[in-house]
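I opened my notebook to look up a few things in one protein.

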Amino acid sequence: MNIALLTAAGAGSRMGQDIPKQFLTVNERPVIVYTMEAFQHHPEIDEIIVVCLDGWQNILRAYANQFNITKLTKIVPGGESGQESIYHGVLALEEDHGEEDLILIHDGNRPFLPSKMITDCIETAERNGCSVAAIPCHEAMALTEDGIVSTGNIDRDTLKRTQTPHGFRLGKMLELHKKAEEKGICNSTATCTLMMELGEPVYFYEGSEKNIKLTTLDDMDIFKALLMAKRDDWLKGR
């Protein structure tokens, strides 16, 4: 089985709103609904599980019913950190899923996910055991110690910017989080960084600049523009 595990447990304080960013409404749809719909409409996704900010579970369930998200099977309360929230979701899946089932871990506030990325995530994980979306760095990358003045630079060709979805077998996820507990790693930035902290390789597939993570009000403006955009027919490329 292929299961989408969506993280929607953050309070969204950087957005500066009274409502968590994943529940903000854009064009009469909450952000988290756009994200769920990406997996709902993909033929290779069997189930959706959402790790939700505590107190918002009933609202999320109502949204799922309202917008016909029939693949949603579980809503799990989040933890104190992103790492802990994902672990809550993994443990919930362990109850009734097999170790070979593939989990696609995705940020609930990345609502403009291309269908091709879901397909590539699955194919790369099936081939290599795990998969992480990544895009190249096009900007010059500077090092700094105080945030004011540069101390050097990094060759951007050696860097990748990672995105979600991340694809892992359920058994591997359980193993990964148990190792993290043993080593006292409790607040890794993402599952891919947790893998690397534990000395595990991650395999990349191509991400997308459109797969934007909504963190600030500027990101919300970009998302609204993406919803309205239509590529001109004369432009070459995908």
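My entries below go from the cores to the salt bridges.

**Entry 1: the model.** I noted at the start that this is a predicted model.

**Entry 2: the largest nonpolar core.** Which members touch the most others? I found Phe 39, Ile 48 and Val 50, in a core of 29 residues.

**Entry 3: Ile 48.** I listed what Ile 48 touches, skipping residues up to four places away in sequence. The list includes Ala 4, Leu 6, Met 36, Phe 39 and Leu 72. Gln 40, Thr 73, Lys 71 and Lys 74 are on it too.

**Entry 4: Leu 5.** I placed Leu 5 in strand S1. Is Leu 5 buried or exposed? Leu 5 counts as buried because its relative accessibility is 0%, and the cut-off for buried is under 20%. I set aside neighbours within four places in sequence and checked its contacts. Among them are Ile 49, Val 51, Ile 86, Val 90, Leu 93 and Ile 103. Gly 89 and His 106 also touch Leu 5. Leu 5 and Thr 216 are 211 residues apart in sequence and 23 Å apart in space, C-alpha to C-alpha.

**Entry 5: Arg 29 and Glu 37.** How many salt bridges does the structure hold? I read off nine. In one of them, Arg 29 pairs with Glu 37, with the closest N and O atoms 3.0 Å apart. Arg 29 is partly exposed at 28% relative accessibility. Glu 37 is buried at 12%.

**Entry 6: Glu 200 and its partners.** I found a salt bridge between Lys 172 and Glu 200 at 3.0 Å, N to O. Lys 172 lies in helix H5 (residues 170-183) and Glu 200 in the loop between helix H6 (191-197) and strand S11 (204-206), so the pair ties together parts 28 residues apart in sequence. Lys 172 is partly exposed at 22%, while Glu 200 is buried at 18%. Glu 200 also meets Lys 179 in a salt bridge, at 3.8 Å. Lys 179 lies in helix H5, so this pair ties together parts 21 residues apart in sequence. Lys 179 is partly exposed at 30%. Shared partners join Lys 172, Glu 175, Lys 179 and Glu 200 into one network of salt bridges.

Conventions
Residues are numbered from 1 along each chain as its sequence is written. This is a predicted model: local features need pLDDT of at least 70, side-chain atom pairs count only at pLDDT 80 or more; totals for chains, interfaces and linings use all residues. Side-chain values use heavy atoms; hydrogens and water are left out. A nonpolar core is a set of buried Ala, Val, Leu, Ile, Met, Phe, Trp, Tyr and Cys residues joined through side-chain atoms within 4.5 Å. Buried means under 20% relative accessible area, exposed over 50%, partly exposed in between (1.4 Å probe, protein chains only). Contact means heavy atoms within 4.5 Å. Helices (H or I, at least four residues) and strands (E, at least two) are DSSP runs, numbered from the N terminus. A salt bridge is a side-chain nitrogen of Lys or Arg within 4 Å of a carboxyl oxygen of Asp or Glu.
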